[in-house]
Amino acid sequence: ARKRSAGRTRAVPEPPPVLDDAELRGALEAILLVVDEPVSELTLAQVLEQPAERVGPMLDEIAAGYTSAGHGFELRRAAGGWRLYTRPEYASYVERFVLDGQSVRLTQAALETLAVVAYKQPVTRSRISAIRGVNCDGVIRTLVSRGLVEECGTESDSGAYLYKTTIMFLEKLGLNSLDDLPPLAPFLPDDVEELADATR
């Protein structure tokens, strides 16, 4: 016997509320204030139940407003999402507050190694050591443990592990992609590439 469905009506879900521009702006600002990593436009749109094509332009508008108003912070794209960052010109004050007399978290050796990985990735430990002129195994382990560098396969010829920077690296530097890294050539001696290749 067939089941009858007559008389049964499906409840139609209510459409999501339409936020006016002021409310959408306020909601986005409130969320961005509490996130600890960049959040995508799609995620923000889903949470607020608003069309993604509305969220993107509003984020651009908010970011432009912060810039024109001269705030000590800015909203910018980083690691595929959006996040609030302090402005570079106030970095010394923020650093003084955060460190409060403590030593900088990454050593000079770690910063140099991280720079080599960032600009040469994917890169092996031996190539990093050749460029820096010192063994970097311990420093690489530190950077991996901090989540700034990760393994990304092996070199076909030698089988040595290759390393690259992580999403966290982009997030910490406030970059949207590696294409946003500043050009390094002006800070290097002319023969650095030849030296690195010769010792590979």
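1. Partly exposed denotes a relative accessible area between the limits for buried, under 20%, and exposed, over 50%. In this predicted model, Glu 49 has 47% relative accessibility and therefore counts as partly exposed. Glu 49 is located in the loop that links helix 2 (41-48) with helix 3 (52-69). Its phi is near 55°, a positive value in a residue other than glycine.

2. Although Ala 79 is not a glycine, its phi is positive, at about 50°. The residue sits in the loop between strand 1 (73-78) and strand 2 (81-86). Its relative accessible area is 22%, so Ala 79 is classed as partly exposed.

3. Most residues other than glycine have a negative phi, and most peptide bonds are trans.

4. The peptide bond from Gln 121 to Pro 122 is cis, with omega near -10°. Pro 122 belongs to the loop between helix 5 (108-120) and strand 3 (123-124).

5. Is Leu 181 buried or exposed? With a relative accessible area of 15%, Leu 181 is buried, because this value falls under the 20% limit. Leu 181 occupies the loop between helix 8 (167-173) and helix 9 (192-198).

6. The surroundings of Leu 181 complete the note. Leaving aside residues up to four places away in sequence, Leu 181 touches Ala 118, Tyr 119, Phe 169 and Leu 175. For the pair Leu 181 and Tyr 119, the separation is 62 residues in sequence and 8.3 Å in space, taken C-alpha to C-alpha.

Technical notes. Residues numbered from 1 in each chain as written. Predicted model: local features only at pLDDT ≥ 70, side-chain atom pairs only at ≥ 80, totals over all residues. Heavy atoms only, no water. Helix = DSSP H or I, 4+ residues; strand = E, 2+ residues; numbered from the N terminus. Buried < 20%, exposed > 50% of the residue type's maximum accessible area, 1.4 Å probe, protein only. Contact = heavy atoms within 4.5 Å.
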